[in-house]
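Subject: Structure handover

Hello,

Please find the structure below, followed by notes on what was found in it.

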Amino acid sequence: MRTKAGMTQSVFASYMGVSIKTVEAWEGGRTHPTGPVFRLLDILSKNEEMEYIVAK
């Protein structure tokens, strides 16, 4: 989703309110998003229009 939105890990981490290391861990499969971040990502992944809004 991050790359589809054209975001760097740094920008995505800032947008989600987490560290770059956290994004790296998610993308590497070492950990998974939980709580509100998981819910937001779930909503965004199901709605392409919202992905467009995030990218802008």
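A contact here means heavy atoms within 4.5 Å. By that criterion, residues 24 or more positions apart account for 32% of the contacts in the protein with a separation of 6 or more.

This is a predicted model, in which local features need pLDDT of at least 70 and side-chain atom pairs count only at pLDDT 80 or more, while totals for chains, interfaces and linings use all residues. Residues are numbered from 1 along each chain as its sequence is written, and side-chain values use heavy atoms, with hydrogens and water left out.

Overall confidence and layout

The predictor's confidence in each residue is given as pLDDT, from 0 to 100. The protein has a mean pLDDT of 84, with 84% of its residues at 70 or more. Confidence is highest in helix α2 (residues 20–28), with a mean of 96, and lowest in helix α4 (residues 48–55), with a mean of 53.

Helices (H or I, at least four residues) and strands (E, at least two) are DSSP runs numbered from the N terminus. There are 4 helices and 0 strands, and the order along the sequence is α-α-α-α. Of the 56 residues, 27% are buried; buried means under 20% relative accessible area, exposed over 50%, and partly exposed in between (1.4 Å probe, protein chains only).

In α1, the buried residues are Phe12, Ala13 and Met16. These cover an arc of only 100° around the axis, so they lie on the same side of α1. The arc is taken from the directions from the helix axis to the C-beta atoms. The buried residues of α1 pack against α2 and α3.

In α2, Val23, Ala25 and Trp26 are buried. Their arc around the axis is only 160°, which puts them on the same side of α2. The cover over the buried residues of α2 includes α1 and α3 (35–46). Gly29 follows α2, and its phi is positive, near 80°.

As background, an α-helix has 3.6 residues a turn, so residues three or four places apart point the same way.

How do α1 and α2 pack? Their axes are 8 Å apart, at an angle of about 105°. Axes are lines fitted to C-alpha atoms, for helices over the stretch in contact, and angles run from 0 to 180 degrees between N-to-C directions. The two helices, α1 and α2, are therefore roughly perpendicular to each other; angles of 65 to 115 degrees get that label, those under 35 count as roughly parallel, those over 145 as roughly antiparallel, and the rest as oblique. On the α1 side, Gln9, Ser10, Phe12 and Ala13 meet Ile20, Val23, Glu24, Trp26 and Glu27 of α2.

Arg2 sits in the segment before α1 (9–16). Is Arg2 buried or exposed? Arg2 is buried, because its relative accessible area is 15%. Its side chain reaches the backbone oxygen of Met7 at 2.8 Å. That is a polar contact, meaning a pair of N or O atoms within 3.5 Å; within protein, one must be able to donate a hydrogen and the other to accept it, and residues adjacent in sequence count only if both atoms are side-chain atoms. Apart from neighbours within four places in sequence, Arg2 is in contact with Met7, Thr8, Gln9, Phe12, Val23 and Glu27.

Leu41 belongs to helix α3 and counts as buried, at 14% relative accessibility. Leaving out residues up to four places away in sequence, Leu41 touches Met1, Phe12, Met16, Trp26 and Pro33. Met1 and Leu41 are 40 residues apart in sequence, and their C-alpha atoms are 8.4 Å apart in space.

Thr31 lies in the loop between α2 and α3. With 36% relative accessibility, Thr31 counts as partly exposed. Not counting residues up to four places away in sequence, Thr31 touches Thr22, Ala25 and Trp26.

Regards
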